[in-house]
Amino acid sequence: MFFQEPPGRPDLYASDEPLHALLRRRLPPGVLQEIRPQYEALGRATSGELWDWMIRAEAEPPVHVPYDPWGRRVDEIRTSPAWEELRKFSARHGLVATGYDERLGEHRRVAQAVLLYLFSGTSATYSCPLAMTDAATRVLLDLAPGDLRDRLVAGLTSRDPDRFITSGQWMTERTGGSDVGNSETIARPSRLVGDERRYTLHGVKWFTSATTSEMALTLARIDDGGTTPGSRGLSLFCVEIGREPGRGWNGIQVNRLKDKLGTKALPTAELTLDGVEATLIGEPGRGVANISGMLNVTRLYNAIASASGIRRACALARDYATRRSAFGARLIDLPLHQTTLDDMDAEAAAVLALVLEGAALLGRTEAGTATEAERRRLRALIPIAKLTTAKQAVSIASEALECFGGAGYVEDTGMPRLLRDAQVLTIWEGTTNVLSLDVLRAEAREGAFTALVQDLAARAERSYANVAPGDLATLRAGVRSLIAQVKTNMSRGEAAMQAGARKIA
Ligand code: MFK
Ligand code: FAD
C-alpha cells in the first residue's frame with residue numbers, strides 16, 4: 001500500500017546558497033566569522049525546536065479570561081508555553097539586541113536582519129512583537145525623556161530572557177487604521193514625575209497585537225480644555241502596562257481577542273483605555289511624525305518576514321519535490337516543475353537582496369555613516385520593499401501550496417498556514433495603497449523615489465558594463481521612462497496623481 005512521505009524540515013541556513021553569497025558581499029569577513037555560528041544555530045533551530053514551538057503555539061492559540069472565578073475583572077491573556085519559549089529564544093539570540101550592538105557599527109542592521117530572516121518564518125509570527133519592540137526602542141532612544149528611556153530600553157534590548165520585555169504599537173482605532181488622524185482617544189494632563197509629563201488616556205484601540213507586552217507606544221489627542229482635530233492634534237505616548245497577577249491591568253480593559261484568518265498564535269486584542277497613565281514622548285501635536293520612526297523599523301521587519309516566509313515556502317516545496325512522484329519521475333525531475341521551483345527560488349533570492357539593501361541603509365543611517373542620498377533612498381525603499389515583498393509573499397505562498405497539490409489545501413499538512421500568515425503582511429503596517437501614496441509624498445518632499453531609481457540605474461550600468469550594448473541601451477531607456485513617468489504623475493492634479501500611485505511604487 002502506498003503512503004506519501006511527508007516533506008522534511010529543511011535547515012533554512014545551511015541550504016540557502018543565495019544567502020551565503022549575499023552575506024559574503026554584505027558583511028566584512030571578521031563580522032561574518034563572529035556571527036556565523038549564530039546563523040548556524042538558528043538554521044538548526046528552524047528544523048528543530050523552532051519548528052516544534054511554531055506548531056504548538058499555533059495549536060494552542062491565546063485565550064482571553066475576562067473574570068476570575070469570583071467575578072473580579074482580571075483580563076488575563078493565556079498564551080501557549082511555546083509562545084513563551086519563542087520569547088526566551090528571541091532574547092537569548094539577541095534578535096532585537098543585535099540591531100543596537102554598537103560593536104557592529106553600520107553592519108548591525110544587516111547582521112540582525114539575517115537573524116530575523118532565519119527566525120521569522122518559523123516563529124508563529126513572534127516576529128510581530130519583536131518588530132514593535134525594536135521600533136519602540138528606536139523611538140525611545142531618539143525622543144523619550146531620559147528617565148523613561150533608561151527605565152525601558154535596557155529591557156527591550158536585553159539578551160537575558162528574565163529581563164527582556166516587549167512593546168506593542170497601538171495606532172489603529174475603529175475610525176481608521178490608515179487615516180489615524182481620525183483617532184478619538186483623549187489624553188488628559190495628570191502629573192509631572194521627574195522629567196516625565198504624565199497624562200491619562202481614554203479611548204478604544206481596535207487592533208493591538210502583542211497584547212501581552214509590558215509597554216506600548218500609542219497616539220492620543222491632548223485635551224487641555226480643548227482639542228485640535230486631525231493628525232496634527234495627535235501626540236505620542238508611552239504606556240507602561242503594569243499588570244498585577246489576578247488584579248487586571250492598570251486602567252486597561254481587554255474587550256476581546258480578534259478571531260483572525262491567520263497569525264493564530266499572536267494575541268491581537270481590542271482594548272478600552274479607561275484612564276491608563278501614559279508618558280508624553282516628544283512634542284505635543286507631533287505624534288504622527290514621531291511614530292513614523294517606529295513605522296520605518298516595523299515596515300522593514302515586515303519585508304524581512306515576507307522574505308522569510310517566501311524562503312520557507314520555497315524550501316518546503318523543493319524538499320517535497322524530491323519525495324513525490326508523478327508520471328514515472330520525481331517532481332524535481334519533471335522539467336516544468338523544475339522551472340516552477342527555480343522561478344520561485346529566483347524570486348526568493350531577489351526579495352532577500354532587496355531586504356538586505358534596506359537593512360544596510362538603515363544600519364548606515366543609524367550609525368551616522370549614511371550620505372544624504374542614501375538617507376533619501378532609504379525613505380523610498382522602506383515602503384516600496386514592504387509593499388512589493390508582501391504581495392510576493394502571498395503569491396509565492398499560493399504557488400507553494402499548489403506544489404503540494406491537494407495536500408497543500410489540507411489543514412494538518414501545515415501548508416495552508418503559509419498562505420494565511422502571508423496575507424496579513426499586505427495589510428498591517430500600511431496597506432499597499434497607503435504605502436504607494438507614502439512613496440509619492442516622499443518623492444514630492446525630498447526626491448526620495450528619484451534618488452532610489454538613479455542609484456539602481458547606476459548599479460545596473462556597472463553590472464551591465466560587460467554585456468551587449470543593446471541591453472545597456474534598453475536599460476537606460478527604461479530608467480528614463482520610469483523617471484519621466486514619475487514626473488508626469490507628480491505634475492498631474494491630486495486625484496490623477498493618487499490614482500497612479502500604485503503603478504509607480
Ligand atoms: C512580521 C513583522 C511585521 C511587523 C508587525 C507589526 C504588527 C502590526 C502593527 C500595526 O499594523 S501598527 C499600525 C500601523 N499603521 C500604519 O502603518 C498607518 C498607515 N497609515 C499611514 O502610514 C499614513 O500615511 C499616515 C498615518 C502616516 C498618514 O497620516 P497623516 O496625518 O496624513 O500624515 P502626514 O501629514 O502624511 O504626515 C505627518 C508627518 O509625519 C509629516 O511630517 P511633518 O509634520 O514634519 O511634515 C510626514 O513627513 C511624517 N511621516 C509620515 N509618514 C512617514 C513620515 N516620516 C517618515 N516616514 C514615514 N513613513
Ligand atoms: P482602512 O484604512 O479602512 O483601509 C481600507 C481600504 O482602503 C484598504 O484597501 C486601503 O488600502 C484603502 N485606503 C485607505 N486609505 C486610502 C487612500 N488614501 N487611498 C487609497 N486607498 C486607501 N494596528 C495597530 O495599530 N497595532 C497593532 O498591533 C495591529 N495589529 C494588527 C494585527 C492584525 C492581524 C491585523 C489584520 C491588523 C492589525 N493592525 C494593528 C491594524 C492595521 O494596521 C490596520 O488594519 C491597517 O493599517 C489598515 O487600517 P484599516 O483596517 O482601518 O483599513
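Helix α8 gives the most to the shell around ligand 1, with nine residues; helices here are DSSP runs (H or I, at least four residues), numbered from the N terminus along with strands (E, at least two). This is a predicted model, so local features need pLDDT of at least 70, side-chain atom pairs count only at pLDDT 80 or more, and totals for chains, interfaces and linings use all residues. Residues are numbered from 1 along each chain as its sequence is written, chains are lettered from A and ligands numbered from 1 in the order written, and side-chain values use heavy atoms, with hydrogens and water left out.

**The shell around ligand 1**
- Ligand 1 has 28 residues around it, and the closest are Ser231, Arg232, Arg286, Arg299 and Arg445 (near means a heavy atom within 4 Å).
- At least two shell residues come from each of α6 (127–143), α8 (287–321) and α12 (432–446).
- Domain 1 (167–287) and domain 2 (436–504) each put in at least three residues; these bounds come from an automatic or database assignment.

**Polar contacts to ligand 1** (N or O atoms within 3.5 Å)
- Arg286 has a polar side-chain atom 2.7 Å from an oxygen atom of ligand 1.
- For Arg441, a polar side-chain atom sits 2.9 Å from an oxygen atom of ligand 1.

**Thr166**
- You'll find Thr166 in the loop between α7 (146–156) and β3 (167–170).
- Thr166 counts as buried because its relative accessibility is 5% (buried is under 20%, exposed over 50%, partly exposed in between, with a 1.4 Å probe and protein chains only).
- Its side chain makes a polar contact of 2.9 Å with that of Ser213; within protein, one atom must be able to donate a hydrogen and the other to accept it, and residues adjacent in sequence count only if both atoms are side-chain atoms.
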